[in-house]
Amino acid sequence: MTGSPAQQALRDEPAPIGWRVRALVAGYSVSAYGNFLNLIALSLFTYHLVGTALGIGAVMALRLFSGVLAGLGAGTITTALGRRTVMIGADTAQAAAMTALALSAHNPSLALLLGAVVVLGAGNTLFTVALRSAVPAIVGHDERRRANGLLVTARSFATVLGFASAAGIIALGGYGLAFAVNAASFVVSAATVLALRLPTDADTGAATEPPPPQKIPKRPPGTGAGRLLAGIPGLLLAMLLLRGTDAFASSSHNVALPIVAGLTYPDDPALFMTAFWAAWAVGTSLSHQLLKRVRGEKVYGARVFALGTGLMSLAFVLAFTQLPMPALIGAALVAGLADGCTEIVYVSRLQAAPDPERSRLFGLSASAETAGFSLGMLGAAAALEAFPALTVVAAFHGTALSGALALWLYIAVRRHGALRPHHQPS
């Protein structure tokens, strides 16, 4: 029985973002806060333990390398274990690692630090891949963009709070307290996922839009990069590549910002950085508010992704041109707005892939982003020894801008018949 027209219309309504999804977002924001608190605390703790900048770089490289490897295997792992299990397991493992560090903070061990770093790098990647690929199953395809916007907004403000509170927490209770807070944040996240029991492994959420017409073929037998990339359409591969390039470019402003803060505001560099990142976070929140008022699948395609990436790079470069504080905040806000729109559009586009392939796509994306950021951190740190911050940031973000222009041209050529067009959002 199909029921009355009113009942049919009710069934056709998109699934709302209910309290359970908002609770999941809240749990995620708590763990994100712990992650960014940990980013500061663990860097300082590593320097305290090894005593050299080279040592800090090596430990950071190990963490990022672990994330790259985890991303390459994330699709297989989430398929075998289930996304919910992977999320809970990743949070639990990270909570255990940070608890061990907290208990040994007064008598630190390099071996324990390295082990914890590996767990953090792999665990964060696996959790992110599982969560992002699970969103359509949790809320339905029609509501995935709103859910992505909530996740992006939550992480943005968690970033600012984590950075801003790190110094105070360390001063209050040392590294042990900071690590304990981080461990507790993972426990909260794992408990939230466990208690909510949301569907994560099948697209059971309500959806009014049809499945994407272009299917991604299953991977053929084989090994190596060819097998990992097999069957992925050229447009999605181009978006994955641009995402990695964007991460490479973004590493430059992350490395250069503390330097510029120290030179521009030597009396209070922390105020400078807090104002910058707070404005960026407000921008990302506005991106969610903007996109949720726009309807139409084309908004979530590759052209908007390329446009947002280019605008974000231009805004970050502008922020390093010695602007007065009000203009700097404006540039950071625009960068955050473009950054948030780009991420929501990109994640939503990958989520449009068939359920069995989403985890593979997000795993490859995580590996590309982490590898790009790792190479960029090393390159930017070396370049800043010889060149001004503006030159380095402009050069690095120039690669992202060039990539965005290349993707835009690829889409234009594809639309004009040089390549066979596909009836999918672009």
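This is a predicted model: local features need pLDDT of at least 70, side-chain atom pairs count only at pLDDT 80 or more; totals for chains, interfaces and linings use all residues.

Q: Good to know. How many salt bridges does a search of the whole structure find?
A: The search finds 10 salt bridges.

Q: Which residue forms a salt bridge with Arg-132?
A: That is Glu-343, and the closest N and O atoms of the pair are 2.7 Å apart. The two come from distant parts of the chain, 211 residues apart: Glu-343 is in helix H11 (residues 325-351) and Arg-132 is in helix H5 (residues 110-139).

Q: And are Glu-343 and Arg-132 buried or exposed?
A: Both Glu-343 and Arg-132 are buried.

Q: What about Glu-343 and Arg-243, how do their side chains meet?
A: They meet in a salt bridge too, at 3.9 Å from N to O. This pair also links distant parts of the chain, with Arg-243 in helix H8 (residues 234-264), 100 residues apart from Glu-343 in H11. Both Glu-343 and Arg-243 are buried.

Q: Which residues are linked in a network of salt bridges?
A: The network links Arg-132, Arg-155, Arg-243, Asp-246, Glu-343 and Glu-369.

Q: Let me try another one. Which residue does Glu-143 form a salt bridge with?
A: Its partner is Arg-146, with the closest N and O atoms 2.7 Å apart.

Q: Why does Glu-143 count as buried?
A: Because its relative accessible area is 7%, and buried means under 20%. Arg-146 has a relative accessible area of 32%, so Arg-146 is partly exposed.

Q: OK, helices now. At what angle do the axes of H10 and H13 cross?
A: Roughly 160°, and the axes come within 9 Å. Here H10 covers residues 302-318 and H13 covers residues 389-415.

Q: So are H10 and H13 roughly parallel or antiparallel to each other?
A: Roughly antiparallel, therefore, since angles over 145 degrees count that way. The crossing in which H10 passes H13 is left-handed.

Q: Nice. How do the axes of H9 and H11 cross?
A: At roughly 45°, with the axes of H9 (residues 269-291) and H11 coming within 6 Å. H9 and H11 are therefore oblique to each other, and their crossing is right-handed. Residues in the contact of H9 with H11 divide into 19 nonpolar, 6 polar and 1 charged.

Q: What is Thr-284 in contact with, leaving aside its neighbours within four places in sequence?
A: With Val-152, Thr-153, Ser-156, Gly-336, Leu-337 and Gly-340.

Q: Last one: which helix is Asn-182 found in, and what does Asn-182 touch?
A: Asn-182 is found in helix H6 (residues 144-196). Not counting residues up to four places away in sequence, Asn-182 touches Gly-34, Asn-35, Asn-38 and Met-98. With a relative accessible area of 0%, Asn-182 is buried.

Note on methods. Residues are numbered from 1 along each chain as its sequence is written. Side-chain values use heavy atoms; hydrogens and water are left out. Helices (H or I, at least four residues) and strands (E, at least two) are DSSP runs, numbered from the N terminus. Buried means under 20% relative accessible area, exposed over 50%, partly exposed in between (1.4 Å probe, protein chains only). Contact means heavy atoms within 4.5 Å. Axes are lines fitted to C-alpha atoms, for helices over the stretch in contact, and angles run from 0 to 180 degrees between N-to-C directions. Angles under 35 degrees count as roughly parallel, over 145 as roughly antiparallel, 65 to 115 as roughly perpendicular and the rest as oblique. A crossing is left-handed if the near helix is turned anticlockwise from the far one by less than a right angle, and right-handed if clockwise. A salt bridge is a side-chain nitrogen of Lys or Arg within 4 Å of a carboxyl oxygen of Asp or Glu. Ala, Val, Leu, Ile, Met, Phe, Trp, Tyr, Cys and Pro count as nonpolar, Asp, Glu, Lys and Arg as charged, and the others, Gly among them, as polar.
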